[in-house]
Amino acid sequence: MAKAAETTVPEVGLDEIVALCKRRGFIFPSSEIYGGIGSTYDYGHYGVLLRNNVKGEWWRAMIGERDDIVALDSAILQHPRVWEASGHLEGFTDPLVDCRTCKLRFRANKLEDAQCGRKPSKHPGEFAECELTDAREFNLMFETHVGPVKDTASVAYLRPETAQGIFINFKNVLQFARKKPPFGIAQIGKSFRNEITTGNFIFRTREFEQMEMEYFVPPDEAPQWHQFWMDARLRWYTDLGIRADNLTLRAHGPDELSHYSSATSDIEYLFPMGWSELEGIANRGDFDLTQHAQASGEKLEYFDPESGEAYVPHVIEPAAGVDRAMLAFMVDAYDTEEVEGRRRTLLRLHPRLAPVKAAVLPLVSKDGMPERARETYREVRAHVPAEYDEGGSIGKRYRRQDEIGTPWGITVDGQTMEDGTVTLRDRDTLEQERVPAEGLGDRLAAKLAEPWRPPKLD
Ligand code: GAP
């Protein structure tokens, strides 16, 4: 893996990714017709399909390929005491300073990255007129009220991480899942943080989705499981096509650790804005179960029948973001090249991540080709997600599919009408082979299961 210090230059700018996402309907700024609401995004058709595939691959790695992890879907609204016990009410804060002159608010520990509201643009505090307040702690949790009365008794919070829903269900799962440590509970769901500094497209938003797994282990096994999950999670990204040189593992320094963590390493990716966190893998020790046991009065421990003793398991937590993973997969897959004098843009996504696996295209909209192509389309889509498209020139239709990352293009042409064969075009090599239309769905399903290597490595 490359080291963060040896910074390689990102290959693609964020603007190009944003433009492609808009052009092809992956992601739109939210509430756009009202001028937008900062750093909030809506996912369109291909965005939803790509997101679902990212989440599907995570579930596959957690549940499909293992039998020591079970799934959970806990509520976004939880008892406010959850956040008291977890330490979020007290410690989930950012230090903020206000500028009394320009009335803007900045993260005290990120002033060198912030822009003052005045022109020419400088950092806060650099103009003679700047009047910055002392730093104050600002809680990042979104507050709301449950029920019709808005008073302190009705205060509730939108969860800032999915993890706590897992800890408070530890006892339920232990009872019903018939598991013993080491075992894990996995969950995907929305989390909310009133981030002060947002930006970089979907990298940091106030509403986002997390994929978190809490792995409960005997205390003396925690370090080895921490290492196991760091290796496993790095492999997940490379198996799905992210080039290893664009990933690095960085251990947190003591001043960076979250209030619950005794050791955390981040998987960082070389995003267009530089090396940034993609996923955190923390050793949370017994912090959370102990806190919730004390606050709730429930015993949250495992009774080991072999030793005859009960103990509080330690927790290893790989915590990933769906949106960040999706951005990293798109950035790594984005490519442009010159083909026969024309520029083509494409997403060289792993076929399992591609929103659409195959596009069925009649060469022209006449001579029975659309009808024949629809027949093939029906057969193919019974096996893999597919699209039918007969609008516009064949070149334009291919360009559209390249930009959404469709790995295989199937063209029905004059020869199909004679001998039942079609052309099968490969997104990455542009090679075309002539294959029978019959059985094509099966053939593509088999291709989807084959090992895959990022074409940019060749
Ligand atoms: N339960 C531990 C936890 O929440 P975290 O490092 O704060 O740890 C885990 O978050 C992952 O969630 C991050 O690595 C990132 O991928 C994603 N994430 C966190 N805050 C985010 C935000 N504001 N916008 C988008 N993704 C975010």
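Residues count as buried under 20% relative accessible area, as exposed over 50%, and as partly exposed in between. These classes are applied below to a predicted model. Phe-228, with a relative accessibility of 31%, therefore counts as partly exposed. Trp-225 has a value of 15%, so Trp-225 counts as buried.

The protein chain has 458 residues, of which 50% count as buried. Its secondary structure comprises 13 helices and 23 strands. The C-alpha trace spans about 75 × 70 × 50 Å along its principal axes.

The ligand was examined next. A shell of 21 residues surrounds the ligand. The closest are Glu-161, Arg-193, Thr-205, Glu-212 and Glu-277. By class, the shell holds 10 charged, 7 nonpolar and 4 polar residues. Three strands each supply at least two shell residues: E10 (207-217), E13 (274-285) and E16 (314-321). Strand E13 gives the largest share, with 5 residues.

A polar side-chain atom of Glu-277 lies 2.5 Å from a ligand oxygen. A polar backbone atom of Thr-205 is 2.8 Å from a ligand nitrogen. For Gln-210, an N or O atom of the side chain is 3.0 Å from an oxygen atom of the ligand. The ligand taken alone exposes 550 Å², and the protein buries 92% of that area.

Tyr-41 belongs to strand E2 (residues 41-43), whereas Phe-201 sits in the loop between strand E9 (183-192) and E10. The pair therefore ties together parts of the chain that are 160 residues apart in sequence. The partners also have their own accessibility values. Tyr-41 is partly exposed, at 25% relative accessibility. Phe-201 is buried, at 8%. Elsewhere, ring pairs link Phe-167, Phe-170, Phe-183 and Phe-216 into a cluster.

Charged side chains also meet aromatic rings. The charged end of Arg-51 sits over the ring of Tyr-43, 4.2 Å from the ring centre. Lys-122 lies over the face of Phe-127, and the distance to the ring centre is 5.0 Å.

Two buried positions were placed in the fold. Thr-162 occupies the loop between strand E8 (155-157) and helix H5 (163-167). Its relative accessibility is 0%, so Thr-162 counts as buried. Thr-162 and Trp-275 are 113 residues apart in sequence. Their C-alpha atoms are 25 Å apart in space. Gln-401 lies in helix H11, which runs over residues 394-404. At 2% relative accessibility, Gln-401 is buried. Gln-401 and Gly-253 are 148 residues apart along the chain, with 44 Å between their C-alpha atoms.

The peptide bond from Pro-181 to Pro-182 is cis, with omega near 0°. Pro-182 is in the loop between helix H6 (170-177) and E9. Positive phi values occur at residues other than glycine, including Glu-340, where phi is near 50°. Glu-340 lies in the loop between strands E17 (334-339) and E18 (342-347). With 80% relative accessibility, Glu-340 counts as exposed. Leu-430 is not a glycine, yet has a positive phi of about 65°. Leu-430 is found in the loop between strands E22 (421-426) and E23 (432-436). At 25% relative accessibility, Leu-430 is partly exposed.

Note on methods
Residues are numbered from 1 along each chain as its sequence is written. Side-chain values use heavy atoms; hydrogens and water are left out. A residue is near a molecule or strand if one of its heavy atoms lies within 4 Å of it. A polar contact is a pair of N or O atoms within 3.5 Å; within protein, one must be able to donate a hydrogen and the other to accept it, and residues adjacent in sequence count only if both atoms are side-chain atoms. Accessible areas come from the Shrake-Rupley method with a 1.4 Å probe; for residues, only the protein chains shown count as cover. Helices (H or I, at least four residues) and strands (E, at least two) are DSSP runs, numbered from the N terminus. Ala, Val, Leu, Ile, Met, Phe, Trp, Tyr, Cys and Pro count as nonpolar, Asp, Glu, Lys and Arg as charged, and the others, Gly among them, as polar. Buried means under 20% relative accessible area, exposed over 50%, partly exposed in between (1.4 Å probe, protein chains only). Rings of Phe, Tyr and Trp (its six-membered ring) pair if their centres lie within 6.5 Å; planes under 30 degrees apart count as stacked, over 60 as edge-to-face and the rest as tilted. A charge sits over a ring if NZ of Lys or CZ of Arg is within 6 Å of the ring centre and within 35 degrees of the ring normal.
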